[in-house]
Amino acid sequence: MIHIDLRTVYINYALISLMSLVVIVFLWYQSHRRFQGIGFFMAGIAAQVVSLLLIFLRNAIPDFVSINISNTLAVGGTVLQLIGLEQFVGIRQRLTKVTTWLLAVFFVMEVYFTFFMPSLYARNLLVSSFFTFACLQIVWLLLVRVDSNRRRITLNVGITYLLYAAINALRIVVYLFAPTEGNDYFASGAFEIFITLSYQMLYVYLTYVVVLMVNERLIYDLESEEEKFNKAFRMAPYAILLTRKEDGKIFEVNDSFFRLTGYQPEEVIGETTLGLKVWANETDREKIVSTLSKNEAVTSKEFLFRKKSGELLTGLISSVNIDVSNKQVILSMIVDITDRKVIEEKLIEMNATKDKFFSIIAHDLKSPFNSILGLSEILSDQIKEKDYGEAEKISKVIHHAASKAMELVVNLLEWSRSQTGRIEYTPEYLHADLLIREIVGLFQASFEHKDIRLDIDLAKNSIIFADKAMISTVVRNLISNAVKFSRRGGIIEIKSIQSKTDWIFTIRDEGVGMKEKDLSQLFRIDKSFSTKGTENETGTGLGLILCKEFVERNNGKISVSSKPGIGSIFTITIPN
């Protein structure tokens, strides 16, 4: 019968553990940058390898090292494995801190049962109890705490530690009913050899399942990342395409590419961007390829692209070289900025228009103020010379110039407030016929001064939904213009007609009229169009611009027709 020596079993156990450590070191080297916790697990294995070597050297080295240090390293190694596995699965357990503090208590008790009250029986129970406690924590972590998706990955490792806990529990039960005699551990007998051999087999299996767990976790993470990439790829709001670097053929595109270009999947896959004529200018593609050939990324370069229909669009393209299945691939993204470019161009045009408008206004303001300054100086001289008759004439001219400047400033402020949204739009139901008659009353003196006859034909109950202040400003401006350009004894007609959807108001005069080329300048802020009335009445050039702004703000339209020498008709359309 072959006799198995426990010391021989331990040196074999130490060698097996050392080989396991080598495997775990390689695993750490390959995975520590991707996964946390492998380093702690490796440190735990290393601590247990040292522990086994110290136990093997028992009776050859001091008991404090071969018993207390070695046993603490053995159970401490399991605690390190617990910490490593917690980091690996990303779950922290409160009990782990308690276990770490219990390790210090364990060491003190080991020393007590070694030197103050020597007892191999007590030390064996102490070691097995701590092992069972630590292993069950790992079992709880890997088989209960982890989410169901990853439990299949940690299952085998969890079962292995459950077996460890079961063996240590068996060891406790046996020693409780059959305590060991003496203090020589290597004389413990067949049961301790069975336990140690069981540890060896589990150690080999543990190494295997840990390597398997890390590899399965790697596959799981790669599949998750691939799924995330596919979702991002498919749902991205911008066009994405993957082309082979060697021949430029497209092998993958997302739905946004089809929506952007108008092509169908079967028309794109296996084709090149040149073949699809995606580039409005083929030299643009050459610039991209040249940059990528230097292993540099292309970031948000603006180019023109062509849809299947032939329509051009402006896009920002970004491209980068990537490896897919060990092959060089170009990942490109195109963001359609056509609408943005149109808006930018409109903003540039609007800003240029407003700049021109303000230069016109500055010129128009400068003229009356220059008159006021010059005439006020002359007026001062006339008063000194007591020429009051001439001073009176000059004061009237100054008053006229100041009035014109004031009118221009008021209109400019009104327009500015409308542009910045500071004029509050408060629509209400209005009797347009009553409102217009009320405004007409304000011009009674002007009508009498020029002997103008008024012909009003307004439908009763012509109700509109509009802002009263804005509509009043529009009507005042149009009646004022009609009076200004009417000859003495002329006629001004104000009428209203109702269609199915709108009220149509017209203001017609029999004044001087306008040429066709002048009509297009009436409502433009970049054109200064202001003519004198039949009796040299002056205007600001802003009145009709305000009319257009206010009518459109009330969802209406304004238009004009005119003929030189016959007169003008201004038409306002407001929804019912």
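Select Arg7 and Phe186 first: Arg7 lies over the face of Phe186, at 4.0 Å from the ring centre. A charge counts as sitting over a ring when NZ of Lys or CZ of Arg is within 6 Å of the ring centre and within 35 degrees of the ring normal. The model is predicted, so local features need pLDDT of at least 70 and side-chain atom pairs count only at pLDDT 80 or more, while totals for chains, interfaces and linings use all residues. Residues are numbered from 1 along each chain as its sequence is written, and side-chain values use heavy atoms, with hydrogens and water left out.

A search of the whole structure finds 22 aromatic pairs; rings of Phe, Tyr and Trp (its six-membered ring) pair if their centres lie within 6.5 Å, with planes under 30 degrees apart counted as stacked, over 60 as edge-to-face and the rest as tilted. Because the planes of Tyr10 and Phe186 stand at 90°, with the ring centres 6.2 Å apart, this pair is edge-to-face. The two residues belong to distant parts of the chain, 176 residues apart: Tyr10 is in helix H1 (residues 6-31), and Phe186 is in the loop between helix H6 (148-177) and helix H7 (190-235). Helices (H or I, at least four residues) and strands (E, at least two) are DSSP runs, numbered from the N terminus.

Move on to Arg217 and Phe88. Here the charged end of Arg217 sits over the ring of Phe88, 4.8 Å from its centre.

Finally, turn to the sheet. Five strands form an open sheet of mixed pairing, in the order E7-E9-E10-E12-E11; two strands pair if DSSP finds at least two bridges between them. At its edges are strand E7 (453-457) and strand E11 (557-563), each pairing on one side only. Select E7 with strand E9 (residues 491-498): they pair in the parallel sense over five bridges. Within this region, Ile456 stands opposite Ile494 in E9.
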